[in-house]
Amino acid sequence: MIICPTCQHQEVEGALFCSECGAQLHNMGTLATHNIQTDEIRDQNLDTLPPKRIERSNSDVATLQILDGGQILPLADRNEFTMGRVSDGQTIMPDIDLTAHNAYEYGVSRLHAVLKRKDNKMTIMDLGSSNGTYVDGIRLKPDLETPLTHGSIISLGKLRVQFLLQG
């Protein structure tokens, strides 16, 4: 059991906030991105992934699909999106918050990567993340933009997301 430091209410082990007063039970500011083994991302059989189609029209709408859960994340009509997870006390929030998709467990950094739209083309750039960003199994060098095509598989740590274009 955990005892709330504010109201002395007993909480179950693993609780982050007190159910009585809402006080934080642990110092969540110490939740740093933990390093995970990402070698198997390069070894995945990419033949089992959906085929890519590269030729698209200028009226394409970009979306991301979380592969483990199937959720679709539409990308608004903007030119830049940061991707990452939210952590208590964080002053800069990612545009695409992956917290609800087990981002911490998958090794996603708070500000992991950035998607950029230029001339109807999308690129991705790793922001020096702890566990790396991969496109189709190839690890990206930090701060270097890499083009995305319809069907590209993006791995943020172990969280796999597919980049889709819909005409």
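How many bridges join β3 to β4? There are 3, and the two strands run antiparallel. Keep in mind throughout that this is a predicted model.

**Stop 1: confidence**

Colour the chain by pLDDT. The mean for the protein chain is 81, and 71% of its residues reach 70 or more. Now select residues 53-58. Here pLDDT stays under 50, and the model has 6 contacts for this stretch beyond four places in sequence. Where pLDDT is low, the predicted coordinates should not be read in detail.

**Stop 2**

**Stop 3: β3 and its partners**

Select β13, residues 159-166. It is joined to β3 by 6 bridges, and the pair is antiparallel. Pick out Gln 65: opposite it in β13 is Gln 162. On the β4 side, the bridge partner of Gln 65 is Ile 72.

Next, select Thr 63. It belongs to strand β3, which covers residues 61-66. Is Thr 63 buried or exposed? Thr 63 is buried, because its relative accessible area is 4%, and the cut-off for buried is under 20%. Show its neighbours: leaving aside residues up to four places away in sequence, Thr 63 touches Ile 72, Leu 73, Pro 74, Leu 75, Gln 162, Phe 163, Leu 164 and Gln 166.

**Stop 4: the hairpin turn**

Move to the hairpin of β3 and β4. It has 5 residues between the strands. Click Gly 70 there: its phi is positive, near 85 degrees. Then click Asp 68, in the loop between β3 and β4 (72-74). What does Asp 68 touch beyond four places in sequence? The answer is Tyr 106 and Arg 160. Zoom in on the Tyr 106 pair, where the two side chains make a polar contact at 2.7 Å. Asp 68 and His 101 are 33 residues apart in sequence, yet their C-alpha atoms are 8.6 Å apart in space.

**Stop 5: the core**

Select Leu 64, Ile 96, Leu 98 and Leu 115. These have the most contacts inside the largest nonpolar core, which has 24 residues. Which elements each supply at least two residues of this core? They are β3, β5 (80-84), β7 (111-118), β8 (121-126), β12 (153-156) and β13. Of these, β13 gives the most, with 4 residues.

Stay on Leu 115 and show what surrounds it. Beyond four places in sequence, the residues it touches include Leu 64, Leu 75, Phe 81, Met 83, Ile 96, Met 122, Ile 124 and Leu 148.

**Stop 6**

Most residues other than glycine have a negative phi. Select Asn 102, in the loop between β6 (96-97) and α2 (103-106). Its phi is positive, about 60 degrees, although it is not a glycine. Asn 102 is partly exposed, as its relative accessible area is 42%.

Finish at Asp 136, in the loop between β9 (133-135) and β10. Asp 136 is not a glycine either, and its phi is positive, near 50 degrees.

Terms used
Residues are numbered from 1 along each chain as its sequence is written. This is a predicted model: local features need pLDDT of at least 70, side-chain atom pairs count only at pLDDT 80 or more; totals for chains, interfaces and linings use all residues. Side-chain values use heavy atoms; hydrogens and water are left out. Buried means under 20% relative accessible area, exposed over 50%, partly exposed in between (1.4 Å probe, protein chains only). Contact means heavy atoms within 4.5 Å. A polar contact is a pair of N or O atoms within 3.5 Å; within protein, one must be able to donate a hydrogen and the other to accept it, and residues adjacent in sequence count only if both atoms are side-chain atoms. Two strands pair if DSSP finds at least two bridges between them. A nonpolar core is a set of buried Ala, Val, Leu, Ile, Met, Phe, Trp, Tyr and Cys residues joined through side-chain atoms within 4.5 Å. pLDDT is the predictor's confidence in each residue, from 0 to 100.
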